[in-house]
Amino acid sequence: MSNILSFTDEQAMILDSAREFCREKSPVSAVRELLSSETAFSRQTWDEMVALGWPSLAIPEAYGGAGLGFGSIVPIAESMGRALLSTPLFSTTLAAQAILRAGQNAHKEYWLPQLAAGTAATVALLDGGDWGATSTSCAAARDGDSITLSGEKWFVADAGVAAAFVVWCELDGGSALVLVESDMLAADAIQPHAMLDETKRAAKLNLEGVTVPAANLLDAANADGVLRDLQLLGALLVAAEATGSTGACLDTVVDYLKTRKQFGKLIGSYQALKHPTVDILCDLDAARSLIYHAATLLDAAEAGAELDQDTEIACRMAKAQAVEALTFAGDRAVQFHGGMGFTYECDAQLYIRRAQYSQQQFGDAWHHRKRLAGLLLDSAA
Amino acid sequence: MNSAVDAPSQSELDDFRAQVSAWLKDNKPADPGFLLPQTFMEVGSDQQLDFLREWQHKLWSAGYLGMAWPKEYGGQGVPAIYQVIADAEMRRVGVPIAFNVIGLGWAGPLILHRGSDEEKQKYLKNILSAEDIWCQGFSEPDHGSDLGNVQTRAVRDGDDYVINGTKIWTTMGNYAKYMILLARTNPEAERKYDGLSFFLSPMQVDGVDPRPIQKLTGEYGFTETFFTDARIPASCLMGEEGEGWKIAMQTLQYERGAEAGAAGGLMQVRVVIDDVIECLKGVTRDGKPLLEDPVIRDELVKLMIEEKAHSLSGRRAGIPALTSDYPFSLNLSGKLRSSEYARRMRKFAVAAQGGHGGLYVGDDDALDAGFWQRAYLNNFSTTIGGGTSQIQANIVGEHVLGLPK
Ligand SMILES: Cc1cc2nc3c(=O)[nH]c(=O)nc-3n(C[C@H](O)[C@H](O)[C@H](O)COP(=O)(O)OP(=O)(O)OC[C@H]3O[C@@H](n4cnc5c(N)ncnc54)[C@H](O)[C@@H]3O)c2cc1C
């Protein structure tokens, strides 16, 4: 197993400017203003992110991208998580990866430059709450030059703003990925979920009777492999984002422990609070090392190449650790604020909600550890 | 080999690695037929002592110990990277520990960094060669975590100091020639810390009486050390009177791995999660291999993630851009994280064995000859010694996160 972790000056610059950008654009006041908005992000901020080239980073130069490794998105995702800044960046990045990994040249030439330039897109994978599902009830049937879909997709992130959806469906008895454009959907096809994490948006997508040109079928040769890789990349993005959120949550806890007094003493002097806070720090440190390890491995890989076993292990470890860290941090953040922690006004609620949402996204900690067990223990047995 | 000024080239380092690796393989001692200590806190018999002393001497004679220390003091005067490579090879080849750790790891660097030339001449080479074993006299029966409160007295009398009091948990106290001793020279000082002084104190003098204490494993390894009107030369004082606390804190920085300068050599036998897996391979549960049990698998994978993260954090600690939020976090939490991880890993290794978990060293049926049971018990030396985990958590909370005392 490889144990590499490196960080170039270029990545350090990305991290620096991303941290600065997110801090400036997404103070908690801005986060809170967006909680009840329709899209949960500011169009202007998204446009600026596009102008900075963030959606284009991991898209090859040949298709209008910056041609950097997928790992270059990790410092950005971490910075966004730290500021609880949500935009369609992750959805769009994953859709681009799906097209890059599964599409024919025509798909890449048509779509990737658009996504690099800020057209939002997303992936529609689940049709229930099971990230471990090995089949989907969403079916595709060929019909001459077109394909007709049936069924629905759940938990489709940023569905309301996506111009295109990469949909996992069953075709000819196997997995397939089909590109559905938003104007092919029925008017009421997108039904928003009520979200635990109010900084996020996701929806149910009704695909019943939707017809798309056969040309929208992405090359299905290894659809299951691409699906696995998409889930791993998604897991890593969420891990990086959760790591950033854990850092911010820790700061929130530390601030309170340094200012709130009871029994004539700052509450941070009580070890019942101090020591678990140190545990948060140590969990955070572990998560941070793991996400940048995964980033290092991904940067060493060729764009769009199938992820190797070391990278799979790294992404799964990063996800398992990062969401465990954040769920612990969010949970303690509420408790350590006392009655204040029970209020909507206290920022702890933002983190505890984010925590449980991140836990679910692209598989929870048990999901990944179960697969790690197969990878790490069965080969050794 | 290169001089200290020029950075060695990769090919020089590769050559060195091959050379040290070959030497270690040729010279790795055969299994002596008795239990070898995993850490320096487990040296409990003369047999073990003689064996480890001979090994360390051999390692040093071959030039693989104290490589970054100056030549005039028994070192090699080469860049520290050579010792890093030698240590990595020792770990890989699996040779015994370099047991004189209090000398090699903390008294040595301390003397090197702030000792007088005379002190360096007198002590350093014999630390490396294992001629002089060192011990540490900090803790007392009534003052352990509250180290600043130690009460052992040192009273100046002409050219001597006269020492009275009791130190305890003195690792290798009965084998040591010297002790780094923290004692009170001024009981009237306003702050308790300011009354302390630091001594490089001889053990073989009248009035010093180290009495072995049996450890929870039933073995020996540390002593209660009684001082009764023990006279030591005044020249044993390091620095000035009243500087004891400062010097002790510097020593603890070496001990907790937060500051570099150690002579090198294996401080402890490395035990990793793969060793646990290896041990558990033959164990069954519910009639099936234990390693197929989903609950056990989840526990194992948690430990594997933690172990991997620790090792990656070691790398991340060297990347300033990735440590800027809490720059001291990884260094100051290192002892806490690694000792607590080791404890939980060993606890699991015993608990998962089924009925075998209840056996101990000496039972022919014990898995890995009872290694894990003993290793689990012994591991508390790292979560208690050198400042307990609770004290480490205070330090991290206060010095890294800025939480109030
Ligand atoms: C194997 C071994 C080898 C050792 N070798 C040496 C040696 O060579 N030289 C030497 O000088 N010492 C040595 N020690 C001693 C070691 O440094 C002390 O045992 C340690 O500092 C704890 O002190 P104590 O034993 O007095 O425990 P106490 O300080 O009495 O602690 C008892 C419990 O209270 C907790 N506690 C105490 N204060 C606080 C606090 N402020 N906040 C939260 N919890 C607290 C502790 O964590 C512990 O759980 C050794 C110890 C061991 C186990």
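Trainee: In this predicted model, are α4(B) and α5(B) roughly parallel or antiparallel to each other?

Mentor: Helix α4 spans residues 101–114 of chain B and helix α5 spans residues 117–128 of chain B. Their axes come within 10 Å and cross at roughly 160°. Angles over 145 degrees count as roughly antiparallel, so α4(B) and α5(B) are roughly antiparallel.

Trainee: Which residues of α5(B) does α4(B) meet, and how many residues of the contact are nonpolar, polar and charged?

Mentor: From α4(B) the contact takes B:Gly103, B:Leu104, B:Gly108, B:Ile111 and B:Leu112. On the side of α5(B) they meet B:Glu119, B:Lys120, B:Tyr123, B:Leu124, B:Ile127 and B:Leu128. By class, the contact of α4(B) with α5(B) has seven nonpolar, two polar and two charged residues.

Trainee: What is the handedness of the crossing of α9(A) and α11(A)?

Mentor: Helix α9 covers residues 309–336 of chain A and helix α11 covers residues 348–360 of chain A, with axes that come within 8 Å and cross at roughly 150°. That angle is over the 145 degrees required, and α9(A) and α11(A) are therefore roughly antiparallel. Their crossing is left-handed.

Trainee: How many nonpolar, polar and charged residues does the contact of α9(A) with α11(A) have?

Mentor: Helix α9(A) contributes residues including A:Lys319, A:Val323, A:Glu324 and A:Leu326. Among those from α11(A) are A:Tyr351, A:Ile352, A:Arg354 and A:Gln356. By class, the contact of α9(A) with α11(A) has eight nonpolar, five polar and four charged residues.

Trainee: How do the residues of the contact of α8(A) with α9(A) divide into nonpolar, polar and charged?

Mentor: The axes of helix α8, residues 271–300 of chain A, and of α9(A) come within 8 Å and cross at roughly 155°. That makes α8(A) roughly antiparallel to α9(A), and α8(A) passes α9(A) in a left-handed crossing. The residues of the contact of α8(A) with α9(A) divide into 21 nonpolar, four polar and four charged.

Trainee: Between which chains does the ligand lie?

Mentor: The ligand is surrounded by 19 residues. The closest are A:Gln271, B:Ser139, B:Ser145, B:Trp169 and B:Thr388. The ligand lies between chains A and B.

Trainee: Which residue has a polar backbone atom 2.8 Å from a nitrogen atom of the ligand?

Mentor: An oxygen atom of the ligand is 2.9 Å from a polar backbone atom of B:Phe138. A nitrogen atom of the ligand is 3.4 Å from an N or O atom in the side chain of B:Asn394. For the backbone pair at 2.8 Å with a ligand nitrogen, the residue is B:Trp169.

Notes. Residues numbered from 1 in each chain as written. Chains lettered and ligands numbered in written order. Predicted model: local features only at pLDDT ≥ 70, side-chain atom pairs only at ≥ 80, totals over all residues. Heavy atoms only, no water. Axes fitted to C-alpha atoms, helices over the stretch in contact; angles between N-to-C directions. Helix = DSSP H or I, 4+ residues; strand = E, 2+ residues; numbered from the N terminus. Parallel < 35°, antiparallel > 145°, perpendicular 65-115°, else oblique. Contact = heavy atoms within 4.5 Å. Nonpolar A, V, L, I, M, F, W, Y, C, P; charged D, E, K, R; others polar. Near = heavy atom within 4 Å. Polar contact = N/O pair within 3.5 Å; in protein donor to acceptor, adjacent residues only side chain to side chain. Left-handed = near helix turned anticlockwise from the far one by under 90°.
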